[in-house]
Amino acid sequence: MSGAIIRLGLLVAVLAGISGVQEWRVDTGNSVMLAAGALLLCGLFAGKVAKGFGLPRLTGYILVGVVVGPYALGFIPGEGVKGLELVKGLAVSLIALVAGTELNLGLIRRVGMKVAMLCVAVCGVTFVVCFAAVFALKPVLPFLTPMTVPQALAVSALVSTVVVSFSPTVTIAIVQETSARGSFTEFLMALVIIGDLFVMVAFALAAGVTRASFGGGFDVQGLLSGVGWELFGSVGVGALLALILLVYMRRVNRELPLFLVGLCFAAAEGGSRLHLSPLLVALSAGALIANLDERNSQRIHHAIQLAGLPVFALFFAAAGAGLKLSTLVTVGPAALLLVVLRAVAIHQSCRRFAPAEDPRLKRYLWMGLISQAGVTFGLAALISRTFPDFGPQVEVLIVAMITTHELVGPVLTRRALERSGEARGDERPQTA
Amino acid sequence: MQALLVFLAIAALSLLASSRTLLDPSRFPGVAQLAASGLIFLIFGALLGPGLIGVLSAEDLQGLRPVVSLGLGTAGVILGLNLEPRVLRLLPRPVFSAALAHAGVAFLFVAVPMAGALLLTTRLPLGVVVGGAALLGAAASLSSGHFAVLGYRSGRMERARGLAVALLTMLDDWVGLLVLALALVLGSAASVADGGGLVALALLLGMLCGALIAFLTYALKDLSELTAVMLGGVALVGGAASYLRVSALLAGVACGATLALVGGRAVEQVARALGRFERPTYLMLVFLAGCYVQARDVDAWVLLPGYVALRFLGKVWGGSLARRFAATALELPPRLGYALIAQGGLAVCLVVQYLMLVPGPLSQHVFDVVALGAVVNEVLANRAFRHVLEPPPPVVKEGAA
């Protein structure tokens with residue numbers, strides 16, 4: 001591990017040098033590729049250091065991104081980190097594609113109903129707790145103070161739907177990292193994926209109600225078509241991608257990792273242009289392949305493991321670099337209260353409602369549900385864009401929560417998998 | 001969206017360019033040659049770029065500059081890695097003389113007349129014109145040895161001869177890089193001292209990154225992990241150069257050379273890891289370079305025939321001179337000059353780097369001439385190389401029966 005620490009230290013020193021030269025050089029160019037190279041290298045070695053300390057590699061990726069990013073040491077310019085949005089979309093699609101290949105019909109038949117029931121319970125309890133807390137904070141939160149009671153209720157509901165969301169990205173990445181396999185892992189993965197589907201629907205409804213409370217009218221038809229398009233359109237486009245992938249694998253069958261990267265890139269970029277969920281597009285593509293052609297789904301799994309290391313390291317390091325530490329100071333107390341309440345709500349609802357036949361679910365499942373990342377970021381940004389009056393302040397609050405969850409969540413998820421006895425260690429260097 | 005467009009275009013072109021039908025030399029010899037060398041991507045880039053159809057706008061190209069710097073950085077690192085000091089020390093002096101002869105003659109054949117032509121057509125100051133003409137000469141001096149390598153691999157050429165040609169073409173790269181460095185010293189900043197400082201900064205940055213990558217890759221065994229580190233390293237050197245607005249190509253060369261010097265046994269593995277993403281990065285670079293071509297640049301079209309013809313003559317004459325110099329050291333084919341017509345991608349790298357750092361009408365002319373010339377030379381080379389393989393006609397002595 002000392003070797004990895006020295007290498008990471010040298011890397012940071014070189015970045016400091018480049019940053020110093022940039023101050024001397026007035027005429028600077030594009031910083032996107034610098035950000036990509038620096039975050040990739042720092043992420044790879046920080047992952048090794050984190051592993052040495054018994055932490056998930058992912059925590060190392062995120063932490064190093066925070067440290068060298070524009071909001072801490074500032075060695076990587078903010079424009080460079082912003083320019084990596086495409087990589088973020090690509091990573092989410094790759095992760096979702098792998099997750100989809102785990103969703104075979106047998107699994108859905110086995111645990112589908114139980115997962116759905118528990119998901120309703122966990123999301124419901126967490127929503128109610130967070131909703132009550134946000135509304136109770138009305139006199140304290142600056143964006144709620146000037147609102148009428150109905151408006152404050154609607155906005156509290158909107159914020160709470162986002163606060164409930166989980167992170168399939170982090171969960172799947174940790175599952176890959178620990179090579180975890182078994183019924184507990186399957187249950188956890190299914191829960192975070194289905195949970196996010198619930199959140200997407202609930203968010204669309206809450207956004208519609210909020211718009212109506214501010215005098216925008218309640219357009220039921222527009223609401224239903226929007227949600228329907230996002231859900232069913234995503235599944236449809238995912239099915240199309242699955243067919244393209246299967247045809248490619250059967251007819252061309254060369255350079256699969258490269259082709260997968262290209263396809264996920266198209267899913268991410270095209271999905272967001274078409275107002276679809278890139279996560280759901282790739283997830284349904286993976287699930288369809290897993291159920292149509294098991295052998296090829298295994299090949300996809302293997303190919304993504306080969307192409308995944310640089311993409312995951314870069315994605316999570318860039319996510320860390322984008323975290324605004326200053327937000328923790330401004331809305332810190334309120335965010336921290338919500339973080340604690342959310343964790344308690346998830347913990348208690350898992351204890352009470354998780355299936356009794358597996359005691360591990362009651363004890364450890366809650367730890368795997370704490371993480372928040374990409375989906376939550378996306379929804380927070382959407383609030384900011386849709387409601388320009390108060391949205392940016394809501395975004396700050398949620399980003400402060402995500403910052404805490406990104407740092408704590410991966411550690412807890414890994415601990416949950418280890419304690420369940422399904423983690424198989426982290427020996428392979430190509431894991432995330 | 002533009003990044004997606006470029007990616008999809010390149011993915012489609014990659015599939016097209018790896019098509020067996022297209023690569024069959026018996027069906028479409030010229031196209032097959034251009035596809036194999038990757039220069040077909042330059043043509044597609046020129047077609048889709050703002051100069052012709054305009055699928056990609058000038059703003060799109062501005063946004064895609066990081067990809068160009070990644071490509072230039074990768075090309076530079078590969079060139080630098082080929083600089084093996086132990087091998088170079090073993091080479092006899094006539095080999096260097098021969099390389100200098102064929103590169104130098106082509107340089108002079110192109111640079112001197114082109115300086116006159118540019119002076120007449122552009123009416124720019126003499127110093128600027130000399131710089132542009134020197135860069136044209138530098139690009140002309142470069143040759144690619146891929147025909148010779150393919151020739152001996154397919155058994156159509158003796159192995160020793162094929163390797164000797166490849167060696168000469170590898171050494172001429174340094175002439176081109178040296179002239180690029182000089183051109184950047186003269187043109188990339190307000191004063192020569194500042195220009196020199198920027199070139200020195202690029203080299204220093206490259207050396208630092210090379211040493212860092214050597215240290216990072218030391219004791220890494222897993223190829224996928226090594227590939228990820230190399231990808232990050234190349235992105236770091238190219239990205240840092242682009243951020244500081246210095247030459248990514250020269251920084252890459254310095255990085256690769258340092259890596260070759262201090263990397264020890266790991267160099268071979270590093271080169272293998274680099275090879276995993278070399279081709280896609282190169283194709284992306286050539287495609288984007290093609291997008292910079294201004295197909296409506298009339299001056300470039302006027303200069304192009306002269307540039308190609310003068311380079312051809314320079315290579316043929318320089319080749320015979322090189323053969324004479326290296327007669328005792330290398331086994332070279334009789335019509336060496338014909339084996340040196342292919343220009344390869346480095347010429348395009350040189351001029352695209354110059355265009356990025358010293359933008360202006362002259363560098364655009366130079367870029368257009370060299371980029372279009374690289375395509376024409378590739379097609380010409382296919383025919384010219386046949387003369388290398390055919391035995392020379394017997395010399396009929398007077399009085400012989």
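Reply: Helices are DSSP runs of H or I with at least four residues, and strands are runs of E with at least two. On that basis, chain B of this predicted model has 19 helices and zero strands.

Me: Why is Ser165(A) called buried?

Reply: A residue is buried if 20 or more other C-beta atoms lie within 10 Å of its own. Ser165(A) has 29 other C-beta atoms within 10 Å, and therefore it is called buried.

Me: Where does Ser165(A) lie, and which residues does Ser165(A) touch?

Reply: Ser165(A) is in the loop between α7 (149-164) and α8 (168-178) of chain A. Not counting residues up to four places away in sequence, Ser165(A) touches Asp196(A), Val199(A), Gln372(A), Val375(A), Thr376(A) and Leu379(A). Ser165(A) and Ile193(A) are 28 residues apart in sequence, and their C-alpha atoms are 9.9 Å apart in space.

Me: What makes Trp317(B) partly exposed?

Reply: Trp317(B) has 16 other C-beta atoms within 10 Å, so it is partly exposed. Trp317(B) is found in helix α17 (residues 298-325) of chain B. Leaving aside neighbours within four places in sequence, Trp317(B) is in contact with Val105(B) and Gly337(B).

Me: How do you know that α5(A) is mostly covered, and what span does this helix reach?

Reply: Of the 18 residues of α5(A), 16 are buried. Helix α5 (residues 85-102) of chain A reaches 26 Å from its first C-alpha to its last, close to the 26 Å expected at 1.5 Å a residue. In chain B, buried residues make up 55% of the 401 residues.

Me: What describes the packing of α8(B) and α9(B), and which hand has their crossing?

Reply: Two packed helices are described by the angle between their axes and the distance between the axes. Helix α8 (residues 93-122) of chain B and helix α9 (residues 126-141) of chain B pack at an angle of about 145°, with axes 7 Å apart. The crossing of α8(B) and α9(B) is right-handed. Among the residues that make the contact are Ala103(B), Phe107(B) and Met114(B) of α8(B), and Val129(B), Leu136(B) and Ser141(B) of α9(B). By class, the residues of the contact of α8(B) with α9(B) are 17 nonpolar, four polar and no charged.

Me: Which residues touch the most other members of the largest nonpolar core?

Reply: This core has 311 residues, and those that touch the most other members are Leu39(A), Cys42(A), Cys264(A), Leu136(B), Val348(B), Val351(B) and Val370(B). Its largest share, 16 residues, comes from helix α9 (residues 183-213) of chain A. Leaving aside neighbours within four places in sequence, Val348(B) is in contact with Leu42(B), Val286(B), Ala289(B), Val370(B), Ala371(B) and Ala374(B).

Me: How many residues of chain B are in contact with chain A, and which element gives the most?

Reply: Residues are in contact if their C-beta atoms lie within 7 Å. On this basis, 32 residues of chain B are in contact with 34 residues of chain A. The elements of chain B that give two or more residues to this side are α1 (2-17), α6 (65-81), α13 (192-217) and α14 (223-243). The most comes from α14(B), with 14 residues. By class, the side of chain B that touches chain A has 21 nonpolar, seven polar and four charged residues.

Conventions: Residues are numbered from 1 along each chain as its sequence is written. Chains are lettered from A and ligands numbered from 1 in the order in which they are written. This is a predicted model: local features need pLDDT of at least 70, side-chain atom pairs count only at pLDDT 80 or more; totals for chains, interfaces and linings use all residues. Two residues are in contact if their C-beta atoms, placed from the backbone, lie within 7 Å. Ala, Val, Leu, Ile, Met, Phe, Trp, Tyr, Cys and Pro count as nonpolar, Asp, Glu, Lys and Arg as charged, and the others, Gly among them, as polar. A residue is buried if 20 or more other C-beta atoms lie within 10 Å of its own, exposed if 12 or fewer, and partly exposed in between; C-beta atoms are placed from the backbone. Axes are lines fitted to C-alpha atoms, for helices over the stretch in contact, and angles run from 0 to 180 degrees between N-to-C directions. A crossing is left-handed if the near helix is turned anticlockwise from the far one by less than a right angle, and right-handed if clockwise. The expected span of a helix is 1.5 Å times one less than its number of residues. A nonpolar core is a set of buried Ala, Val, Leu, Ile, Met, Phe, Trp, Tyr and Cys residues joined through C-beta atoms within 7 Å.
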